[in-house]
Each structure stands twice: as structure tokens, then as C-alpha cells.
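Good morning, everyone, and thank you for making time for this.

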Amino acid sequence: MDYYNSGACNETTLALNKSAFLKLRIKPRMLRDVSRLDTTTRVLGKSVPLPIGVSPTAMQRLACPEGEIANIKAVTSTGSIYILSTLSTTSIEDVAAAAPNTTKWFQLYIYKDRDITRNLVKRAEKAGFQAVVLTVDAAVFGKRYADCKNKFSLPPHLELANLRGIAPSNFTGSDGSGLQSYVNSLFDSTLTWEDVKWLQGITKLPVILKGILTAEDALIAADLGIPAIIVSNHGGRQLDTCPASIEALPEIAKAVGNRCELYLDGGIRYGTDIFKALALGAKMVFVGRPAVWGLSCAGEDGVKKVLKILTEEFEQAMALSGCTSISDIRKDMIVHEDEYAK
Ligand code: FNR
């Protein structure tokens with residue numbers, strides 16, 4: 001459980017991801033006939049019925065025996081989007097076979113050995129994944145003290161299923177977090193924007209960047225033709241004291257306008273959080289830990305329940321603020337609490 005819960009260092013950003021939402025107020029409008037609500041959003045040219053997807057989280061079979069398969073099946077029931085981690089405990093092919101019709105994106109970590117990376121991307125393409133989500137905030141591994149203290153290891157009955165036969169597919173923590181040692185020895189910390197171009201050159205899939213937190217980087221991404229960005233701080237697990245995702249979103253939205261689609265993850269726990277993220281420029285939100293907690297409690301049914309609660313709360317936020325469609329949810333409906341204090 002420590003592995004799922006923890007954030008980096010003092011866990012300031014981990015806490016901020018949630019508390020920053022509480023500083024935002026929704027200004028509701030009344031008397032607008034909200035008897036029919038439409039939660040459909042458009043993502044990469046496709047209609048998606050619900051703007052709530054599941055973020056990539058590593059090693060989901062630590063949470064329940066069916067792991068990634070239980071998680072994606074729950075997402076299938078909503079028609080939304082599932083992002084599979086490079087470090088999954090179920091392979092790309094097995095996840096695709098379990099959910100052939102679900103919109104699936106593949107989250108990529110770039111290994112120093114580019115043949116490994118190319119292999120992963122080609123397999124995701126072949127298996128029907130529709131985008132590659134390159135995580136850009138993990139050039140080195142965030143210091144998660146709980147994992148260090150626990151000497152976090154992958155139990156021997158599990159493996160990093162995508163790496164079987166092509167790279168080390170297990171890790172043990174003899175001296176601190178085994179995952180930290182794995183990442184720091186195998187992932188490429190030399191990454192630059194040139195590597196983003198390299199990735200764009202080896203795949204026909206859209207390349208989405210996950211982990212952008214500034215307008216400056218979002219503009220570079222837009223200039224490279226990146227179609228979408230996930231505004232994210234990795235759930236507070238990488239650079240501690242960096243901004244909450246929801247704090248970073250407005251400046252990025254202002255900078256890129258319609259040049260890139262924006263999605264957000266980090267700290268989404270209530271339907272009103274989803275409403276606020278959409279109002280401030282996101283087309284979609286993703287949840288990491290809430291889905292893992294659902295998995296830990298009751299597998300596929302647990303994730304379904306989490307998604308149902310979030311959906312109901314989001315619909316209630318829409319109705320009670322006078323919005324009947326996603327396009328009704330507008331920036332001027334959100335006010336920071338400091339504005340009220342003036
Ligand atoms: C993650 N995250 C993550 N991100 C990524 O790009 N690849 C990965 O393998 C993982 N693994 C991972 C494991 C666990 C246990 C957690 C909690 C997170 C980050 C994840 O995709 C997402 O950015 C955050 O989880 C979003 O924050 P919330 O929803 O957990 O608050």
C-alpha cells in the first residue's frame with residue numbers, strides 16, 4: 001500500500017494536488033433546465049462518452065490478481081480511455097486481448113537501449129493501442145521514502161510482463177527501493193526534445209506528452225506537432241514542491257490555446273474536481289490512485305464503483321451549476337478563493 005500511496009520526499013505536491021482544488025470555487029448558474037445532461041467529450045478526433053479515464057500506474061497485479069485486466073474491463077464499461085504503463089504486470093498483448101474494443105493508450109518510458117523502446121512501441125501499435133503517452137517527468141526516479149524504507153521489491157510470482165525476454169523484468173530492493181534502482185539503471189536520463197522527435201519518427205501513432213507543467217514546455221510541444229499533453233506531476237511522485245496539476249493548467253491552456261488538447265491528472269477525487277479541470281481547459285481527466293484503490297478493494301467491480309461515484313458526482317456538479325454539456329463548463333465559472341478575500 002505504501003507504494004501506491006506515497007509521493008516524493010516530504011509529499012508536499014502530493015497533498016497540494018488535492019488541496020489546490022479546494023481553493024477553487026464554482027459559480028453556479030440557476031434555472032437552466034438540466035434535466036438532460038451530455039458528458040460527451042472529444043479526444044484526438046474521437047467522441048468519448050465520459051471525460052474520466054484511467055492513468056497509467058505500474059504493477060497493478062500488486063493490487064489484485066487480475067490487475068491491469070480488471071482495471072481496463074472497468075474502463076470498458078464506461079466507454080472511456082485506459083492508459084497502460086510500460087511497467088505493467090500484464091503484457092501489452094494480454095491487455096489488448098482482454099479489451100479489444102476499448103480505447104487504449106500505451107504509456108512509454110524510454111530505455112537507454114533503444115531496441116527495447118522500439119520493441120514496446122511496435123507491439124503497442126500492433127496490439128491496437130491508439131496513442132503513445134511519453135512520460136517526460138521521470139528522467140530520474142523521484143525519491144519515495146516509504147519505498148526506500150520498505151526496500152520495495154516485486155514479489156517473485158509477478159513480473160514486468162512487457163519486458164519479459166528483452167530486459168530485466170523483476171527487481172529486488174536490497175539497498176533501498178528496488179524500483180528506484182531499476183529505473184535509474186535502465187531508463188534514459190539523457191532525454192531531450194530530440195528524443196521526442198525520434199519517437200515521433202518511429203511510430204505512426206500520435207505521441208502525447210505526460211508530465212508537462214509549464215507554458216514554455218507546452219509551447220515547445222505544440223511547435224513539434226504534439227497533439228495532446230497530460231498536465232501532470234506524476235501524482236506528486238517526482239519533483240516535490242512543484243505545482244499541483246490544477247495550478248499549472250491555466251497558464252498552459254492560455255499559452256497553447258487550441259494548438260494541443262490538454263488533459264489533466266493528479267488529485268482528482270470528487271466530481272467537482274473534474275468540473276474545475278474541464279473549466280480551466282482540460283478536455284479529459286485521468287485518475288491514478290482512485291482506480292488502484294478500487295482494484296485493491298474489489299478488483300474490476302471496485303474500479304467500476306470508483307468510476308460510478310466520480311461520474312455521478314460530476315453529473316451532479318454539472319446539473320447544480322447549470323451546465324448540460326461539456327462546452328457549457330467555462331473558465332469564468334471558476335474563482336480562486338483569494339478573489340473572494342479581496
Ligand atoms: C503512477 N504514475 C505513473 N505514471 C506513469 O507515467 N507511468 C507509470 O508507470 C506510473 N506508475 C504509477 C504508479 C503508482 C502507484 C501511482 C500512484 C502513480 C503516475 C500516474 O500516471 C498519475 O500521473 C498519477 O497517479 C495521478 O495522480 P492521482 O490520480 O494518483 O492523484
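Predicted model: local features only at pLDDT ≥ 70, side-chain atom pairs only at ≥ 80, totals over all residues.

The largest nonpolar core holds 99 residues, and among its members Tyr111, Tyr182 and Ile246 touch the most others. By a nonpolar core I mean a set of buried Ala, Val, Leu, Ile, Met, Phe, Trp, Tyr and Cys residues that are joined through side-chain atoms within 4.5 Å, and buried means under 20% relative accessible area, with exposed being over 50% and partly exposed in between, for a 1.4 Å probe and protein chains only. The element that gives the most to this core is helix H12, residues 289-321, with 10 residues. Apart from this core lies another one, of 13 residues, including Val48, Val133, Ile208 and Tyr263.

Residues are numbered from 1 along each chain as its sequence is written, and side-chain values use heavy atoms, with hydrogens and water left out.

Which residues does isoleucine 246 contact, leaving aside its neighbours within four places in sequence? They are Ala20, Phe21, Leu24, Leu264, Lys276, Ala277 and Leu280, where contact means heavy atoms within 4.5 Å.

Let us return to helix H12, where we find glycine 302, a residue that counts as buried because its relative accessibility is 8%. Glycine 302 is 12 residues from proline 290 in sequence, and their C-alpha atoms are 9.7 Å apart in space.

Leucine 158, by comparison, lies in the loop between helix H6 (145-149) and helix H7 (178-186). Is leucine 158 buried or exposed? Leucine 158 is buried, because its relative accessible area is 3%. Beyond its neighbours within four places in sequence, leucine 158 is in contact with Arg61, Leu62, Thr89 and Asn170.

Of its 342 residues, 56% count as buried. Among contacts with a separation of 6 or more, 73% are between residues 24 or more positions apart.

Terms used: Helix = DSSP H or I, 4+ residues; strand = E, 2+ residues; numbered from the N terminus.
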